[in-house]
Amino acid sequence: MKKLLLLFLFTGIFSNSIVGQNNSSLDPITTIEFESTIIDFGKIAKGSDGVRSFIFKNTGNYPLKIYQIYSSCNCDIVSKPEEPVAPGATGVIKVKYDTQKVGPIVKTITGNANLKNKLFTLRLKGEVLTKSE
């Protein structure tokens, strides 16, 4: 019983330290400014290139760390800065929307970073048309 209790205790401490490395509340707070938080695909044909970029600038005084980005859509996060973005520097978040799915594009992407509110929101909109439209 003691061994089982120690195992749970050790596992809890170890997992907390791993999570803390990815999303540290000890990282200094900075600010971010996007050129645009909305990408408008407009009307695009099925099978078109669905890769787009959100360009941003670290407008704060400390390095910007993007911990995670979540997608609620038929899109992939192609790339995000893996290293901290220095104050005054720019960065890019690339996304790829699956343009094989015909219909309206109304999607949200949420990021987690060392910002005052922790989260930032990006949006995709537009419409994928059949090739004959």
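How many helices and strands are there in the protein chain? There are 1 helix and 8 strands; helices (H or I, at least four residues) and strands (E, at least two) are DSSP runs, numbered from the N terminus. This is a predicted model: local features need pLDDT of at least 70, side-chain atom pairs count only at pLDDT 80 or more, and totals for chains, interfaces and linings use all residues. Residues are numbered from 1 along each chain as its sequence is written, and side-chain values use heavy atoms, with hydrogens and water left out.

**Overall make-up**

- Along the sequence, the pattern reads α-β-β-β-β-β-β-β-β.
- The protein chain has 133 residues, and 32% of them count as buried. Buried means under 20% relative accessible area, exposed over 50%, and partly exposed in between (1.4 Å probe, protein chains only).
- The accessible surface of the protein chain is about 8700 Å², with 56% of it belonging to carbon and sulfur atoms. Accessible areas come from the Shrake-Rupley method with a 1.4 Å probe; for residues, only the protein chains shown count as cover.
- Take the contacts between residues at least 6 apart in sequence: 67% join residues at least 24 apart. Contact means heavy atoms within 4.5 Å.

- Two strands pair if DSSP finds at least two bridges between them.
- Axes are lines fitted to C-alpha atoms, for helices over the stretch in contact, and angles run from 0 to 180 degrees between N-to-C directions.
- β4 and β7 (residues 103–113) run antiparallel, joined by 5 bridges. Y70 stands opposite T110 in β7, and S71 has I109 in β7 as its bridge partner.
- β7 and β8 are antiparallel too, over 10 bridges. Here G103 stands opposite V128 in β8.

**The β7-β8 hairpin**

- β7 and β8 form a hairpin with 5 residues between them.
- K118 lies in the loop between these two strands.
- K118 is not a glycine, yet its phi is positive, at about 70 degrees. Most residues other than glycine have a negative phi.
- K118 counts as partly exposed because its relative accessibility is 33%.

**Antiparallel sheet: β1-β3-β6-β5**

- The other set of 4 strands forms an open sheet in the order β1-β3-β6-β5, with antiparallel pairing.
- β1 and β5 (75–79) are the edge strands, and each pairs on one side only.
- The twist in this sheet averages 30 degrees from one strand to the next.
- β1 and β3 pair over 3 bridges, and F34 stands opposite F56 in β3.
- F56 also has a bridge partner in β6, namely G91.
- β3 and β6 pair over 7 bridges. V51 stands opposite K96 in β6.

**Nonpolar core**

- The largest nonpolar core has 23 residues. A nonpolar core is a set of buried Ala, Val, Leu, Ile, Met, Phe, Trp, Tyr and Cys residues joined through side-chain atoms within 4.5 Å.
- F54, I93 and L124 have the most contacts inside this core.
- At least two core residues come from each of β1 (32–34), β2, β3 (51–58), β4, β6 (90–97), β7 and β8 (119–129).
- β8 gives the most, with 4 residues.
- In soluble globular proteins, nonpolar side chains tend to be buried together.

**N58, a buried polar residue in β3**

- N58 is found in strand β3. N58 counts as buried because its relative accessibility is 1%.
- The N58 side chain reaches the backbone nitrogen of G60 at 2.9 Å.
- Leaving out residues up to four places away in sequence, N58 touches T30, T31, P63, L64, V85, A86, P87, G88 and A89.

Methods:
A polar contact is a pair of N or O atoms within 3.5 Å; within protein, one must be able to donate a hydrogen and the other to accept it, and residues adjacent in sequence count only if both atoms are side-chain atoms.
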